[in-house]
Each structure stands twice: as C-alpha cells, then as structure tokens.
Amino acid sequence: MKYFIIIQTRTTSSRLPAKCFLPVAGMPLVKLCFKRVSLFSDTCVAISDDKSDDLLASYLQSSKISYFRGHLTNVLKRFISLCSKFNVHPNDTIIRLTGDNPLVDHNFLEYMKQIWEKNNLNYLSAEPDNLTKYGWPKGLSAEFFKVQSLYEMNSDEVDEYTKEHVTPSIKKNSKISTNMAEFEKLGFFFKNSYGVDTLEDYLYIADLFQKVRWDESYIKILEFEKNT
C-alpha cells in the first residue's frame, strides 16, 4: 500500500483571492505547504484548468512542483482524473490537504499514518467537527481515505457540496472512521487559526513563520505558541 498526497488549491479563493501566492517564510504559501509535507510521500498540487490558474501552473512548473490541472468547481472529478493519470492503485491511500494549512507537516502525517494503519480505518480526519470540544487548532487538518472510495463515486451525480469538498460522502459511508482528536489530547485551547482563510489569518501566520523555521515540526510550533 502506498500513500499519495493531494494538495487542493486555486487562485480564485472567495475570501482571500490569490492567497496561494502570499509570501510566508520567504516563499509563496503553496510552496511552503508543499515543502512541509512532501518528505512523507509523493505529492501533487491539484489546481484547476481554468485560465485563472494559468499563472499558478506556470509557477509550479518553474518551481519543479508536481501539479495536475482539472475541473474548476467539481474538485471530486479533479481528484479522480488525477488518480487515473498518475495510476494510483485503488487500494492506495489518498491524503487530502488544502494549500492554506501550513502547520501540517510530514511529522504530523506520519503520526496519522500510524493511527490509520493500527486501527484499519476507512476514513481518518485530523480536524474534528467540534474544534472547541477538543481545543483542536483550526488548520491542523488532513484526511486519509482509500483511492477506491473516489472511484466508487460518480463525480457528476453527487451533490454540489461533495463535488467541491470531495470527502463528505466518503466520511458518511465509511464503516470505520474517526478523527485524530480522539487519540491526541493537546490539552490546550488554541484561539488562533493556523489556516489562511482571511487577511487577518495570513498576517498572523506570516508573523508566526518569522519566529520559527519553515521546517519546524508542527508540535514544536504549537508548543512555541503555547509558551508565548
């Protein structure tokens, strides 16, 4: 069984357009997200084939970052097409990330992998539905699921929400699923967001990565935050 990371991103973010290009730790956000996880396994950035992502495609190509272009709004179809092109086996595991969560790194994915394999899960999410209940930091987010789960869905017949967010029906139909917060009690309430959804989020993350190394582990960054 192999693991394959897909980082989903686009230039036309509704809340913060072109955030993938915003500089964090001396590089565009999308590159930082890629570099922090790509040591774990093969990694591909999934962008759209719309002209709005032409500049992003050009940047990824010039930076020698693996990428794939697919449907703009039907992201599920984009994922299925990507897996088909790269000949990802149905029994392999997809790790779905988004290009605006730079806290996630290969150390965190390795920890999730241990939980995934030990418990023989069908679906594993890092971020719980109720962040406050667990004190879980927003943006420490990743999803594990089998490639077969993608192939079993018709990307043209599912609801619009699933087309955009890919995994809702996978999670709903999985016989054995859970989230990381059930295993790791961080024991501290993180009031700040580590995902970049707004300008305020970006300014916070950009400042944080001026204080820590770009390749610092997720847990050390959280410990740094806890102690400051």
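Visitor: What do the numbers rest on?

Guide: Residues are numbered from 1 along each chain as its sequence is written. In this predicted model local features need pLDDT of at least 70, side-chain atom pairs count only at pLDDT 80 or more, totals for chains, interfaces and linings use all residues, and side-chain values use heavy atoms, without hydrogens and water.

Visitor: How many cavities of 30 Å³ or more does the structure hold?

Guide: Rolling a probe the size of a water molecule over the atoms shows where empty space is left. Here there is one such cavity; a cavity is a set of points, on a 1 Å grid over the protein atoms alone, where a 1.4 Å probe fits but cannot get out. The largest cavity has about 50 Å³ of space.

Visitor: Which residues line the largest cavity?

Guide: Ile7, Cys33, Val37, Leu97, Thr98, Asn101, Val104 and Ser141 do, lining residues being those with an atom within 4 Å of a point. Two or more of them come from each of α1 (29-37) and β6 (93-98).

Visitor: Which residues of α4 are buried?

Guide: An α-helix has 3.6 residues a turn, so residues three or four places apart point the same way. In α4, Phe108, Leu109, Met112, Ile115 and Trp116 are buried (under 20% relative accessible area, 1.4 Å probe, protein chains only). Seen down the axis of α4, these buried residues fall within an arc of 120° (from directions between the helix axis and the C-beta atoms), so they line one face of the helix.

Technical notes
On a 1 Å grid over the protein atoms alone, a cavity is a set of points where a 1.4 Å probe fits but cannot get out, and a pocket is an open set with protein on both sides within 12 Å along at least five of seven lines; lining residues have an atom within 4 Å of a point. Grid points are joined across faces, edges and corners, and a volume is the space filled by probe spheres set on the points. Helices (H or I, at least four residues) and strands (E, at least two) are DSSP runs, numbered from the N terminus. Buried means under 20% relative accessible area, exposed over 50%, partly exposed in between (1.4 Å probe, protein chains only).
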